[in-house]
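Have the model open while you read.

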Amino acid sequence: MIEQKRNADDILIYNNEIRLYLPEKIFDAHTHLCKRELHEYLSDADGLYNFSNDVSMNELEDSWTTFLPDLEVTGLIMGSPVDKCDLDAENKFVAQSITNEKNRFSLMISPKMSLENLENDIDTLKPAGLKPYLLHALVEDKQNARITDYITEEQLNLANEHGLSITLHVSKPRGMADPENLEDISRLIDQYPKAQFILAHCGRNFIAPNMAATLDALPVAENLWIDTSAVCDIGVFLELFSRYDLSRIIYGSDLVDASAFRGNYIRLGMSWHVVTPNLIERDGGLESRATFAIYENLRALFHAARFCNVREDDIQNIFYNNAAKLFKL
Ligand SMILES: [Zn+2]
């Protein structure tokens, strides 16, 4: 069970910078469950992401209630992005966790998974989408993998046939701004027009110059979507909201492990990092030295939305209606 309680500063930030702008109905297009016994090696992790806990559907719902109280929240549920995990068991665990028909889930896939197994899982578990993970890329240098290194053309073809979404956490040091990623996505949206491509974390653009370079070349298409999860940089959202089609943008929280901790995803030079209060050397300041990453993401998003004059109905679309179209809610 994840233990997160909001303090007075969290509530102040939420009420003043987030709640004022949030619609009542939210579809959270980027969430993860995790069943610990399927991820044994996680016991060595440092606890930053609360890896010592199971994340069941109840835990996710508790997080929604804690961080977005009194709102109607549903979402797209995925497994956890770790290596050496029993994909089959994890997929069954996630599929069985979806008891509310307003939620959707994505099947975790690896390029090694046989087409026969994948088709069987699609028929029996009925996922709304696929979730390939970089960790499973079939290349040595995963930090430079191309999209088809972690989801094969045959798998893309199946996604196309079944009209499934594909949530992509793209690789490469500049994320989606990398010319090879841009070239790949432009080809894939044409070649697989019924597959719905979702670029997670604004195309893994955590810093403004990468978002800007992405938008110089990223096409707008009926089957291309951008999720806002975990990005905490106002500049990224200023670029996105002022330069891209708002009907292609969908909200995602990255709950539970990747955004329910106290900290921030911050820019350092051309890179970005997770920062938590215990990594900061500074005397003084407020006693409460950090709020939750989910709030850093939302306050950055709304700050930018105000300066880009994003209308209230566009906000409602980003937080629900765009996803409703995508997932046929
Ligand atoms: Zn994620």
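1. Start with the length of helix 11. This is a predicted model, and helix 11 has 15 residues, which at 1.5 Å a residue should span 21 Å. The C-alpha atoms at its ends are 22 Å apart, so the two figures agree.

2. How many residues of helix 11 are buried? The count is 11 of 15, so call this helix mostly covered. The buried set runs Ala 293, Ile 294, Tyr 295, Glu 296, Asn 297 and Leu 298, then Ala 300, Leu 301, Phe 302, Ala 304 and Ala 305.

3. What does the covering? Helix 1, helix 2 (57-67), helix 10 (234-243), strand 9 (264-268) and helix 12 (312-326) are included in what lies over those buried residues of helix 11.

4. Take helix 1 from that list. Helix 1 (residues 8-19) packs on helix 11 (residues 293-307) at an angle of about 25°, and their axes are 10 Å apart. Angles under 35 degrees count as roughly parallel, so helix 1 is roughly parallel to helix 11. The crossing of the two is left-handed.

5. Who touches whom here? From helix 1 come Asp 10, Ile 13, Tyr 14, Glu 17 and Ile 18; helix 11 brings Tyr 295, Leu 298, Arg 299 and Phe 302. The contact of helix 1 with helix 11 has 6 nonpolar residues, 3 charged and no polar. On spacing, an α-helix has 3.6 residues a turn, so residues three or four places apart point the same way.

6. One last thing to look at is the backbone just after helix 11, where Asn 309 has a positive phi of about 55°.

Definitions and conventions
Residues numbered from 1 in each chain as written. Predicted model: local features only at pLDDT ≥ 70, side-chain atom pairs only at ≥ 80, totals over all residues. Axes fitted to C-alpha atoms, helices over the stretch in contact; angles between N-to-C directions. Helix = DSSP H or I, 4+ residues; strand = E, 2+ residues; numbered from the N terminus. Parallel < 35°, antiparallel > 145°, perpendicular 65-115°, else oblique. Left-handed = near helix turned anticlockwise from the far one by under 90°. Contact = placed C-beta atoms within 7 Å. Nonpolar A, V, L, I, M, F, W, Y, C, P; charged D, E, K, R; others polar. Expected span 1.5 Å × (residues − 1). Buried ≥ 20, exposed ≤ 12 C-beta atoms within 10 Å, placed from the backbone.
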